[in-house]
Amino acid sequence: HGGLLFRGASRAGHPTRDEGRLVRVRRGHTLENRAVRPAPRASDVTGGRSGLPGGLRLTSPLAAMPLPEKLFLAEVFLVRHAQASFHAEDYDCLSSLGEQQSLWLGEHFAERGIGFDACVTGSLRRHHQTLAGIRRGLAAADIPEAVPLPGLDEYEFRSLVPAFEATAPDHPLVRARHADPRDKSAYYRVMRLTLLAWSGDRIPGPIPESWQQFRARVDAAAN
């Protein structure tokens, strides 16, 4: 529920970018000649005289594969928005702690010399406020202009919870939440029930979007 920051370098299990195309390299695999292939396993390494350290030689046919001339790799940082204003009338606004959190993250990147080549963010105000705090801590020049992608926006849980509660007003957890509206734990217990009902298409509505619509827009944003 936030944004994506792209920079050079990659590790197995992380998406990479090959000439502008995002490619996921699964753990235990490697990117060779623009194709994802299984990496050599420990069982493929045996004793022998091959000039490798420790007298090791590779018996896997992968050893004969030519190395790529050049790889274009990227590392993706997934950043969730900082703390929003939970009990405020306008939730879509960072709390004072959230503003500090985003600044700390920017300073964390700066201390480690991390810069970015591209930035994608959702359309919500808390997303942009989080990015602004990161810029202050890092330096605006180290993050390019963000590309808006509404598909990254969070689901409207503040509309979903009341819609669920209308279907189960006598549920013990719903009663407990209304007994103390400022109890976050009670709220999140009801929200868990809400998400289970929503994903099972058991909230009749009206609701902002169905689970299927939510999945479709997130999948579209990811692709």
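Where does D201 lie? D201 lies in the loop between α5 and α6. Helices (H or I, at least four residues) and strands (E, at least two) are DSSP runs, numbered from the N terminus. The phi of D201 is positive, at about 60°, although D201 is not a glycine. Most residues other than glycine have a negative phi. D201 counts as exposed because its relative accessibility is 55%. Exposed means over 50% relative accessible area, buried under 20%, and partly exposed in between (1.4 Å probe, protein chains only).

The model is predicted: local features need pLDDT of at least 70, side-chain atom pairs count only at pLDDT 80 or more, and totals for chains, interfaces and linings use all residues. Residues are numbered from 1 along each chain as its sequence is written, and side-chain values use heavy atoms, with hydrogens and water left out.

The protein has six helices and ten strands. Of its 223 residues, 34% are buried. Contact means heavy atoms within 4.5 Å. Among contacts between residues at least 6 apart in sequence, 63% join residues at least 24 apart.

The largest nonpolar core has 18 residues. A nonpolar core is a set of buried Ala, Val, Leu, Ile, Met, Phe, Trp, Tyr and Cys residues joined through side-chain atoms within 4.5 Å. Y155, F157, F164, Y187, W198 and I203 have the most contacts inside the largest core. Helices α3 (157–167) and α5 (184–199) each supply at least two of its residues. Neighbours within four places in sequence aside, F164 is in contact with V174, V190, L193, T194, A197 and I203. Another core, of eleven residues, lies apart from the largest one. V79, F116, L131 and I143 are among its members. In soluble globular proteins, nonpolar side chains tend to be buried together.

Two helix pairs were examined. Axes are lines fitted to C-alpha atoms, for helices over the stretch in contact, and angles run from 0 to 180 degrees between N-to-C directions. The axes of α1 (residues 96–111) and α2 (residues 125–138) come within 6 Å and cross at roughly 45°. The two helices are therefore oblique to each other. Angles under 35 degrees count as roughly parallel, over 145 as roughly antiparallel, 65 to 115 as roughly perpendicular and the rest as oblique. The crossing of α1 and α2 is right-handed. A crossing is right-handed if the near helix is turned clockwise from the far one by less than a right angle, and left-handed if anticlockwise. In α1, the contact residues include E99, L103 and F109. Those in α2 include Q129, I134 and R136. The contact comprises six nonpolar, six polar and three charged residues. Ala, Val, Leu, Ile, Met, Phe, Trp, Tyr, Cys and Pro count as nonpolar, Asp, Glu, Lys and Arg as charged, and the others, Gly among them, as polar.

Helix α4 (residues 172–179) packs on α5 at an angle of about 145°, with the axes 8 Å apart. This crossing is left-handed. L173, V174, A176 and R177 in α4 meet A186, Y187, R189, V190 and L193 in α5. Seven residues of this contact are nonpolar, none is polar and two are charged.

E209 is found in the loop between α5 and α6 (211–222). E209 counts as buried, at 14% relative accessibility. Beyond neighbours within four places in sequence, E209 is in contact with Y155, W198, F214 and R217. D90 is found in the loop between β8 (74–80) and α1. D90 counts as partly exposed, at 38% relative accessibility. Leaving aside neighbours within four places in sequence, D90 is in contact with S85, R125 and R158.
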